[in-house]
Amino acid sequence: MTTLTIHNLSAGYGPIEVLRDISFSVPQGSICAILGPNGAGKTTIMRALSGLIPIRKGSVELNGARIDKLAAEQRVRKGLMLTPEGREMFPSLTVKENLLMGAFTQPKARFQEDMDKILEYFPRLKQRLNEPTASLSGGEAQMAAIGRSLMARPSVLLLDEPSHGLAPAIVERMFAIISKLNKDEGLTVLIVEQNARQALALAQQAYVLQAGKISLSGASKDLAKNQAVQELYLGG
Ligand SMILES: Nc1ncnc2c1ncn2[C@@H]1O[C@H](COP(=O)(O)OP(=O)(O)OP(=O)(O)O)[C@@H](O)[C@H]1O
Ligand SMILES: [Mg+2]
């Protein structure tokens with residue numbers, strides 16, 4: 001069974017068509033990566049999937065049901081949640097307040113239980129809970145952004161360049177947590193990355209996006225050996 005299926009999707013901005021006839025799927029319980037250079041359209045895919053921009057053609061299905069006409073908030077209710085590029089936290093609000101922002105679809109009775117569980121995955125946030133997000137390091141802020149998304153109890157988490165601007169050791173720690181969430185909670189993950197080496201190590205399956213089209217796809221371990229991928233993204 002496939003969780004997320006994208007069929008012949010086209011999307012863009014005004015007269016510009018960024019994505020052209022893209023098809024791919026994210027199997028239930030998997031971690032899939034989309035790799036690609038600046039401007040390839042990675043964020044545009046995330047926006048189209050989460051309902052922040054309309055699609056022009058094609059379809060997006062979640063568990064066999066079309067979601068591409070639903071408002072962004074309704075897609076969150078169906079289990080699809082985005083951690084956006086650049087995190088988009090409220091800097092003057094505390095970590096706790098930011099986490100609660102993610103729970104807007106959930107009954108209040110779940111807040112404490114869900115937050116406690118998330119803090120077990122991200123123990124560093126425990127000490128920072130009552131501090132403004134602006135005071136966090138880049139790595140802590142990214143973990144808080146992922147934690148906020150988890151407060152919506154997603155079945156599919158969309159991560160847009162979570163490693164951006166972070167040191168490799170921090171990325172490794174964060175990816176280990178994502179991997180644990182995938183294994184222990186059955187969380188399905190679609191991650192967009194320019195950091196190909198670490199993304200291919202995290203994901204089972206990957207797609208390479210170039211100029212709005214998927215140019216390569218396959219098992220991560222095969223793509224990591226692919227000559228074009230090595231030359232483009234892995235420094236030869
Ligand atoms: N709001 C917008 N209006 C018009 N064009 C846009 C808008 N956002 C992005 N674009 C254009 O769409 C194309 C794809 O952008 P997108 O942000 O999806 O790329 P990306 O792969 O996420 O890049 P990056 O790695 O820099 O995040 C680019 O040419 C970009 O200039
Ligand atoms: Mg982007």
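User: Where is E161 found, and how do I place it in the fold?

Analyst: E161 is found in the loop between strand 7 and helix 7. Keep in mind that this is a predicted model.

User: Is E161 buried or exposed?

Analyst: Count the C-beta atoms around it. Buried takes 20 or more other C-beta atoms within 10 Å. E161 has 22, so it is buried.

User: Which residues does E161 contact beyond its sequence neighbours?

Analyst: Set aside the neighbours within four places in sequence. E161 is then in contact with E85, V192, E193 and Q194.

User: How far apart are E161 and T83, in sequence and in space?

Analyst: They are 78 residues apart in sequence. From C-alpha to C-alpha, the gap in space is 9.0 Å.

User: Now the strand before that loop. How many residues of strand 7 are buried?

Analyst: Strand 7 covers residues 156-160, and five of its five residues are buried.

User: What do strand 7, helix 7 and strand 8 make?

Analyst: They make a β-α-β unit, with helix 7 spanning residues 168-185. The unit is right-handed. The loop that holds E161 leads from strand 7 to helix 7.

User: Next, the ligand. Which residues come nearest to ligand 1?

Analyst: There are 13 residues around ligand 1, and Y13, N38, K42, T43 and T44 come nearest. Two elements give two or more residues to this shell: strand 2, residues 16-27, and helix 1, residues 42-50. Helix 1 gives the most, with three residues.

User: How many residues of that shell are nonpolar, polar or charged?

Analyst: Sort the shell by residue class. Around ligand 1, seven residues are polar, four are nonpolar and two are charged.

User: Why is helix 1 described as largely enclosed?

Analyst: Start with helix geometry. An α-helix has 3.6 residues a turn, so residues three or four places apart point the same way. Then list the burial along the helix. K42, T44, I45, M46, R47, A48 and L49 are buried in helix 1. That is seven of nine residues, so the rest of the structure largely encloses the helix. After helix 1 comes G51, with a positive phi near 90°.

User: Which residues other than glycine have a positive phi?

Analyst: Two examples are worth checking. D21 has a phi near 55°. E88 has a phi near 50°.

User: Where do D21 and E88 lie?

Analyst: D21 is found in strand 2. E88 lies in the loop between strand 6 and helix 3, which covers residues 95-101. D21 has 14 C-beta neighbours inside 10 Å, so it counts as partly exposed. E88 has 12 other C-beta atoms within 10 Å, so it is exposed.

User: Is G64 buried or exposed?

Analyst: G64 has 9 C-beta neighbours inside 10 Å, so it counts as exposed. Its place is the loop between strand 4, residues 57-62, and strand 5, residues 65-66. For a distance, take L150, 86 residues away along the chain. The C-alpha atoms of G64 and L150 are separated by 23 Å.

User: Last, the whole chain. How many helices and strands does it have, and how compact is it?

Analyst: The protein chain has 10 helices and 10 strands. Its radius of gyration is 17 Å, close to the 18 Å from the globule rule for 236 residues, so the chain is as compact as a globular protein of that length. Its C-alpha atoms fill a box of roughly 45 × 40 × 35 Å along the principal axes. Buried residues make up 41% of the chain.

User: What share of the contacts joins residues at least 24 apart?

Analyst: Take the contacts between residues at least 6 apart in sequence. Of these, 68% join residues at least 24 apart.

Definitions and conventions. Residues numbered from 1 in each chain as written. Chains lettered and ligands numbered in written order. Predicted model: local features only at pLDDT ≥ 70, side-chain atom pairs only at ≥ 80, totals over all residues. Near = placed C-beta within 6 Å. Helix = DSSP H or I, 4+ residues; strand = E, 2+ residues; numbered from the N terminus. Nonpolar A, V, L, I, M, F, W, Y, C, P; charged D, E, K, R; others polar. Right-handed = clockwise from strand over helix to strand, strands pointing away. Rg over C-alpha atoms; globule rule 2.2 N^0.38 Å. Contact = placed C-beta atoms within 7 Å.
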